[in-house]
Amino acid sequence: MWGSTFLWIELALRALSPLQVTVARCLLGAGTLLVLCLVTRRHLPRGRAVWGHVFVAAFWCNALPFALFSLGQRTVGSGLAGVLNATTPLWSLLLGLALGTERGLRPVRAGGLLLGFAGVVVIFAPWQGAGQAGWGALAIVAAAASYAVGFAYMGRHLVGRGHATLSLSAAQLLAATALTGLSLPLGGRPPAHIAPAGLIAVVVLGIFATGITFHLTYRIIAAEGATNAATVGYLLPVVSLVLGFVVLDEPFSPRAAAGMVIVLVGVGMTRRRTPGDAGPPAPRGDAPAEASTSSGTRPEPARCGVRH
């Protein structure tokens with residue numbers, strides 16, 4: 001579902017403007033999760049402080065990257081968009097090092113970080129002068145970096161604090177809808193007639209590739225931490241390239257494929273740990289996703305030889 005996101009964005013852009021696609025996917029995703037909250041009798045989080053964190057997270061993890069993806073894919077194919085999004089784990093590692101939540105940057109991991117960004121350079125091919133496609137690709141890389149910031153913020157300030165991940169994900173997409181809705185007048189008027197294919201793409205993008213996947217993302221952050229959640233990007237480029245080539249008849253670029261391999265090898269190297277690595281401290285959202293929702297207290301973290 002994550003890898004197909006770029007296919008649905010590409011199809012949705014044939015019917016709506018980038019900003020309209022962004023608002024529509026946030027609105028439909030929020031509506032989907034609110035229905036699930038109603039069915040499972042989950043309540044939205046309460047408290048001004050919690051909602052303040054929700055709005056900050058919604059900006060970095062939803063409103064900004066969703067808009068950048070839609071804008072970027074006006075000049076970048078869905079397959080390449082998925083490849084560039086695979087840099088999220090690299091940005092997440094850099095952010096973890098800056099915040100002190102990632103330790104033990106051994107030579108293999110440092111080499112992987114450099115190799116991953118070298119793959120991005122191969123994809124961009126600045127020596128060829130990419131023109132408008134270059135700006136679109138840059139917007140998608142910025143979206144991947146924004147995801148990393150959002151994941152880290154969610155792991156530090158929202159998960160593992162007595163709120164169900166379903167409630168948090170619904171609230172965050174609701175906040176993202178409010179944030180993106182403010183920019184809707186800049187997106188122009190919606191077309192008088194929307195082709196059925198474009199409408200279906202918007203619906204699938206909003207319900208499945210936004211609502212459902214975002215809730216799954218929250219669960220992964222709660223169970224595994226923000227940095228590990230970013231590694232969902234491992235399979236995205238493979239899925240997006242295949243779908244773009246098969247469904248949209250996008251040209252297969254050997255350079256993009258080579259860059260994808262380099263990026264994924266680099267990301268894989270950054271996740272390698274030797275037996276002597278203590279590893280990063282567990283994030284604040286390391287408790288199982290729904291374990292703390294009934295009592296409102298946070299469960300005791302598993303003891304793995306690291307004192308918190």
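How do the axes of helix α5 (residues 88-99) and helix α6 (residues 107-124) cross, and within what distance do they come? The axes come within 10 Å and cross at roughly 135°.

## Basis of the model

This is a predicted model, in which local features need pLDDT of at least 70 and side-chain atom pairs count only at pLDDT 80 or more, while totals for chains, interfaces and linings use all residues. Residues are numbered from 1 along each chain as its sequence is written, and side-chain values use heavy atoms, with hydrogens and water left out.

## Overall composition

The protein chain contains 12 helices and zero strands. Helices (H or I, at least four residues) and strands (E, at least two) are DSSP runs, numbered from the N terminus. Read from that end, the element order is α-α-α-α-α-α-α-α-α-α-α-α.

Of the 308 residues in the protein chain, 48% are buried. Buried means under 20% relative accessible area, exposed means over 50%, and partly exposed lies in between (1.4 Å probe, protein chains only). The accessible surface of the protein chain is about 14400 Å², and carbon and sulfur atoms hold 67% of that surface. Accessible areas come from the Shrake-Rupley method with a 1.4 Å probe; for residues, only the protein chains shown count as cover. Among contacts in the protein chain with a separation of 6 or more, 89% join residues 24 or more positions apart. A contact means heavy atoms within 4.5 Å.

Two packed helices are described by the angle between their axes and the distance between the axes. Axes are lines fitted to C-alpha atoms, for helices over the stretch in contact, and angles run from 0 to 180 degrees between N-to-C directions. Angles under 35 degrees count as roughly parallel, over 145 as roughly antiparallel, 65 to 115 as roughly perpendicular and the rest as oblique.

With the crossing at roughly 135°, α5 and α6 are oblique to each other. Their crossing is left-handed. A crossing is left-handed if the near helix is turned anticlockwise from the far one by less than a right angle, and right-handed if clockwise. On the α5 side the contact is made by Leu90, Trp91, Leu93 and Leu94, and on the α6 side by Arg109, Gly112, Leu113, Gly116 and Phe117. By class, this contact has six nonpolar, two polar and one charged residues. Ala, Val, Leu, Ile, Met, Phe, Trp, Tyr, Cys and Pro count as nonpolar, Asp, Glu, Lys and Arg as charged, and the others, Gly among them, as polar.

## Helix α8 and its partners

Helix α8 (residues 165-181) and helix α2 (residues 18-40) have axes that come within 8 Å and cross at roughly 150°. The two helices are therefore roughly antiparallel to each other, and their crossing is left-handed. Residues of α2 in the contact include Thr22, Val23, Cys26 and Leu27, and those of α8 include Leu166, Ser167, Ser169 and Ala170. The contact of α2 with α8 divides into 13 nonpolar, eight polar and no charged residues.

The axes of α8 and helix α9 (residues 196-224) come within 9 Å and cross at roughly 130°. That makes α8 oblique to α9, and this crossing is right-handed. Here Thr165, Leu166, Leu168, Ser169, Gln172 and Leu173 of α8 meet Thr210, Gly211, Phe214, His215, Tyr218, Arg219 and Ala222 of α9. The contact of α8 with α9 has six nonpolar, six polar and one charged residues.

## Individual helix residues

Serine 240 is in helix α11 (residues 236-246) and counts as buried at 2% relative accessibility. Leaving aside residues up to four places away in sequence, serine 240 touches Gly3, Phe6, Ser78, Gly79, Gly82 and Val83.

Arginine 156 belongs to helix α7 (residues 132-157) and is partly exposed, with a relative accessible area of 32%. Its C-alpha atom is separated by 9.9 Å from that of isoleucine 221, 65 residues apart along the chain. Valine 265 is in helix α12 and is partly exposed at 42% relative accessibility. The C-alpha atoms of valine 265 and glycine 119, 146 residues apart along the chain, are separated by 9.2 Å.

## Loop residues with positive phi

Arginine 41 lies in the loop between α2 and α3 (48-72). Although not a glycine, arginine 41 has a positive phi of about 60°. It is exposed, with a relative accessible area of 73%.

Aspartate 249 lies in the loop between α11 and α12 (254-270). Aspartate 249 is not a glycine either, and has a positive phi of about 60°. Its relative accessible area is 64%, so aspartate 249 is exposed.
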